[in-house]
Amino acid sequence: MNCSRALLLVCLMLLAGLARAQAPAAPATGAAVPAPKRQLQALRITEAIKLDGVLDEAIWQQAPMATNFIQNRPNPGPPEKHPTEVRVLYDDANLYIGAIMHDVSQDSILRELSPRDDANNTDFIGVFLDTYHDKINGYGFFVTTGGVQMDCRYSPAGGEDFNWNAVWDSRTSLRGTDWVAEMRIPYSAIRFSKVPEQLWGLNFMRQRKRDNQAFFWNEVKPAVDGFVNQWGELQGLRDIKPPLRLSLTPYVSGYVNHYPYNEQGTRNASTNFNGGADVKWGINESFTLDATLVPDFGQVQSDNQVLNLSPFEVQFQENRQFFTEGTELFNKGDLFYSRRVGATPIGFSSVYNQLRAGEMGTDGTRRPGEVVVSNPGVTRLLNATKVSGRTKQGLGVGVFNALSNNVYATVRDSLDGREREVLTQPFSNYNIVVLDQSLKNNSYVSLINTNVTRWGSTYDANVTGGLFRFANKKNSYAVSGRLVYSRRRGQQFGSQEQIDDQDGYKYQVGISKISGNFTWELGQGIESDKYNPNDLGILFGNNNISQYLNFSYNKYKPFWKVNNLYSWYSLNHSLLYKPTRYQNASVAAGFNTTFTKSFLTVGANFDANPATHDFYEPRQYPLGDYYVHVPANANVGAFLSSDYRKKLAWDVNAGVRWYAEDERLPRARRMGYGWNVSPRYRVSNQLNFRYSLDWNLRQNQIGYVNGDLDTSLPDDADFRDKYPTDVLLGRRRVLTVTSTLSGAYTFNNRMSLTIRTRHYTSTVNYFDFARLEKDGRETLVDYRRNRDNTFNAFNVDAVYAWWFAPGSQVSIVWKNASSSFLEANEATPLYFSNLSNTINTPHNNNLSIKILYYLDYLMLKRRG
């Protein structure tokens with residue numbers, strides 16, 4: 001705790017320094033000062049514009065022009081050599097962007113095609129809109145030379161979020177040595193306040209891929225903190241009204257599934273048909289309701305399954321569009337892990353403990369017990385709804401709600417065939433409320449509440465958090481922090497035992513220098529031993545006190561033979577919260593840079609750690625008595641990434657971790673090795689392939705022996721009889737290899753075919769075992785059960801997507817999946833043996849088709 005007090009004293013001293021820094025002073029100069037804000041006037045039109053990428057209407061020439069763009073990368077500051085000309089028109093329903101990008105020849109205009117929201121080796125033009133002019137939140141709309149659309153949202157919580165999709169239109173064309181882009185952005189795609197004259201933040205961005213250059217109309221300086229706050233202004237938007245935003249996107253889908261059960265009475269093939277709809281309704285000019293009715297997420301990309309030996313759960317990526325689009329408000333404070341909604345039922349594993357076991361009859365014959373016929377691994381949602389928006393005063397409001405029905409497993413009595421249902425997930429309601437107030441100087445305060453209510457005799461959970469960030473007027477220093485309280489009440493599911501972590505808290509406070517070539521951050525945080533946001537969030541470990549100091553020095557201008565230099569350094573220290581005991585400390589550093597001529601990016605990193613006490617690995621709660629001693633260790637890693645403009649490009653990285661010898665026991669030294677090689681090849685502007693091979697070896701790792709001890713087996717029963725309260729550790733070799741191959745053929749800017757295959761194998765071989773006692777003491781034991789194992793997973797995801805109209809899509813998806821878990825003598829570290837085993841394991845094949853059709857009320861009204 002002396003370290004904590006010292007760190008708190010340093011924080012107070014820096015806060016005093018910050019207060020002095022905010023006192024009146026001479027105007028600052030240098031690279032950390034934002035560029036002056038440019039203004040552009042939009043021109044109202046009364047006649048329709050034909051969207052064809054030509055800009056031949058006379059009105060385009062009458063509109064004021066944005067030009068003289070400033071380079072942002074690779075060399076911030078110089079003006080563009082090949083001019084960009086952008087104009088803005090508007091009418092009562094749409095904003096129109098017309099842009100001409102001058103170049104030296106058509107060969108200099110790169111135009112690789114790609115799926116939506118993906119810019120590969122191509123030029124593009126983008127427009128940025130801060131419709132509430134709060135200098136924190138904004139929209140981005142981009143179109144490539146091939147006409148591929150990209151759109152995103154900007155926010156403090158989500159950063160640059162390309163998961164957001166809007167319905168808008170665009171056209172592009174080549175004209176001599178120039179290329180032209182024309183965009184029509186309907187007001188229904190964005191949100192703005194209802195005032196007579198609008199003032200929006202505005203910026204334009206051009207990427208000229210031939211020279212790997214990017215330019216902004218209003219200069220964006222890398223040394224200045226923030227992005228939206230560095231945009232210019234769009235003026236002249238008068239008498240436009242937020243439209244009625246009402247759209248319906250119904251869908252129908254059909255599935256054919258095949259798995260080779262090859263069992264009598266069980267069909268190998270099954271079919272499934274679904275129907276539902278997504279609804280968007282603009283409640284007013286600020287807020288929008290998004291609802292999905294009877295959602296179908298069967299076509300999302302397969303999860304990357306892994307063998308998890310850690311004490312923490314695996315966090316999977318969210319691929320469901322409803323939970324990735326427009327969720328920046330709900331992600332405030334990292335209290336929402338959307339995979340909890342529709343997740344594995346909380347009683348999924350407990351079903352097997354409720355089966356009637358087999359028994360011996362009085363006649364000496366064995367009577368079989370019950371078996372599980374079906375146990376759904378996913379909770380099907382009834383509906384999900386979001387209401388979100390931001391007022392003209394800068395108050396963001398978000399409300400999320402979802403409902404799931406009861407989930408049952410089916411159990412069959414092997415003796416008489418009777419079946420019964422076992423409840424694994426009660427009817428549940430998931431709810432989030434967010435209030436986020438934008439303030440001056442790129443600052444904000446936020447309040448978040450998450451709640452899970454379950455029907456029946458089980459527990460409910462509630463988490464409330466407050467966040468803040470205050471920056472000074474010069475945007476050079478900031479103070480930030482959070483305070484979160486978690487509350488759980490009720491009984492464990494399927495038990496009369498009360499929840500034991502009813503009240504917990506978390507806090508974090510930090511002070512930082514946020515602009516300039518040299519930046520730093522100093523902070524401290526606590527997570528109490530009862531803090532648990534896991535019902536709607538994700539927790540990897542509570543019960544700790546952490547303090548950190550991070551700083552970086554960056555050079556954004558070219559020097560020597562490189563374009564830039566980014567370097568970072570960190571000091572970290574952690575204690576167990578209750579009881580207060582040392583956990584770990586570390587020092588780390590790294591850098592990366594890009595060479596000017598070859599555009600080869602290289603980097604390296606280093607970290608060093610004194611001996612560590614891992615209180616989580618033994619899985620003994622409450623924490624504090626048992627820990628695994630990890631010797632002092634250091635890691636060195638490096639990477640390189642070649643120029644993506646070349647047909648063949650490479651990403652390569654490698655690292656090695658050394659451990660000091662553990663002199664307490666006669667063990668070999670721990671080591672860790674890893675490398676990844678990922679080539680990509682562009683066959684043409686329509687066809688490309690990417691491959692990734694990841695190899696990771698942990699030699700002589702000490703860890704909790706995966707899988708509970710089975711006292712029906714002699715070795716396990718003997719260990720538990722001798723050491724009823726201690727933990728079994730194993731010295732093991734863990735080899736993991738992941739191979740991923742993907743390819744994409746883009747027919748045009750609205751139609752693409754992608755395929756992704758992934759093979760994962762991880763093998764664990766044990767050499768010896770030890771008994772872990774309190775305070776980290778280990779003693780070798782004569783435990784002989786073979787605990788070796790190998791996990792294999794294989795997936796294929798093939799997707800054909802056709803956007804046949806704005807917001808409307810046909811998608812055909814084929815999925816192939818298999819996995820196997822080999823134990824004892826069946827386990828093997830040989831890669832090709834595991835690959836052969838994976839191929840010969842029964843595979844699940846799923847073919848589906850889904851049709852979405854976007855219906856917009858205003859479009860239908862105009863047609864009527």
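Predicted model: local features only at pLDDT ≥ 70, side-chain atom pairs only at ≥ 80, totals over all residues.
Residues are numbered from 1 along each chain as its sequence is written, and side-chain values use heavy atoms, with hydrogens and water left out.

Student: Which residues have the most contacts inside the largest nonpolar core?

Tutor: A nonpolar core here is a set of buried Ala, Val, Leu, Ile, Met, Phe, Trp, Tyr and Cys residues joined through side-chain atoms within 4.5 Å. Buried means under 20% relative accessible area, exposed over 50%, and partly exposed in between, with a 1.4 Å probe and protein chains only. The largest core has 37 residues, and those with the most contacts inside it are Leu95, Ile97, Val127, Phe141, Trp200 and Phe204.

Student: Which strands each supply at least two residues of this core?

Tutor: Helices (H or I, at least four residues) and strands (E, at least two) are DSSP runs, numbered from the N terminus. For this core, the strands that each supply at least two residues are E4 (84-90), E5 (94-102), E6 (124-130), E7 (138-144), E11 (178-186), E12 (197-208) and E14 (232-238).

Student: And how many residues are in the other core?

Tutor: That other core lies apart from the largest one, and Ala402, Ile432, Val452 and Val484 are among its members. Its count of residues is 23.

Student: Which residue of E7 stands opposite Val127?

Tutor: Strands count as paired if DSSP finds at least two bridges between them. E6 and E7 run antiparallel and are joined by six bridges. Opposite Val127 in that pairing stands Phe141.

Student: Which residue in the turn between E7 and E8 has a positive phi?

Tutor: Strand E8 covers residues 149-155 and is joined to E7 by six bridges, running antiparallel. In that pairing, Gly140 stands opposite Cys152. The two strands form a hairpin with four residues between them, and the residue with a positive phi of about 85° in the turn is Gly147.

Student: Why is one side of E20 and of E24 left without a neighbour in the sheet?

Tutor: They belong to an open sheet of three strands with the order E20-E23-E24 and antiparallel pairing. Strand E20 (370-374) and strand E24 (419-425) stand at the edges, so one side of each lacks a neighbour because each has a single partner strand.

Student: What is the bridge partner of Val371?

Tutor: E20 runs antiparallel to strand E23 (residues 407-413), with four bridges joining them. In E23, the partner of Val371 is Arg412.

Student: Is Gln213 buried or exposed?

Tutor: Gln213 sits in strand E13 (residues 213-216). Contact means heavy atoms within 4.5 Å, and leaving aside neighbours within four places in sequence, Gln213 touches Gln71, Arg73, Pro74, Arg206, Gln207 and Arg208. With 18% relative accessibility, Gln213 counts as buried.

Student: What is omega for the peptide bond from Arg73 to Pro74?

Tutor: Pro74 lies in the loop between strand E3 (70-73) and E4. The bond from Arg73 to Pro74 is cis, with omega near 5°.

Student: Is Trp560 buried or exposed?

Tutor: Trp560 lies in the loop between E31 and strand E32 (565-576). Its phi is positive, about 45°, although Trp560 is not a glycine. At 68% relative accessibility, Trp560 counts as exposed.

Student: How much space lies in the largest cavity?

Tutor: On a 1 Å grid over the protein atoms alone, a cavity is a set of points where a 1.4 Å probe fits but cannot get out, and lining residues have an atom within 4 Å of a point. Points are joined across faces, edges and corners, and a volume is the space filled by probe spheres set on the points. The structure holds three cavities of 30 Å³ or more. The lining of the largest includes Pro631, Glu661, Arg669 and Ile702, and its space is about 80 Å³.

Conventions. 1 Å grid on protein atoms, 1.4 Å probe; cavity = no way out; pocket = protein on both sides within 12 Å on 5 of 7 lines; lining within 4 Å.
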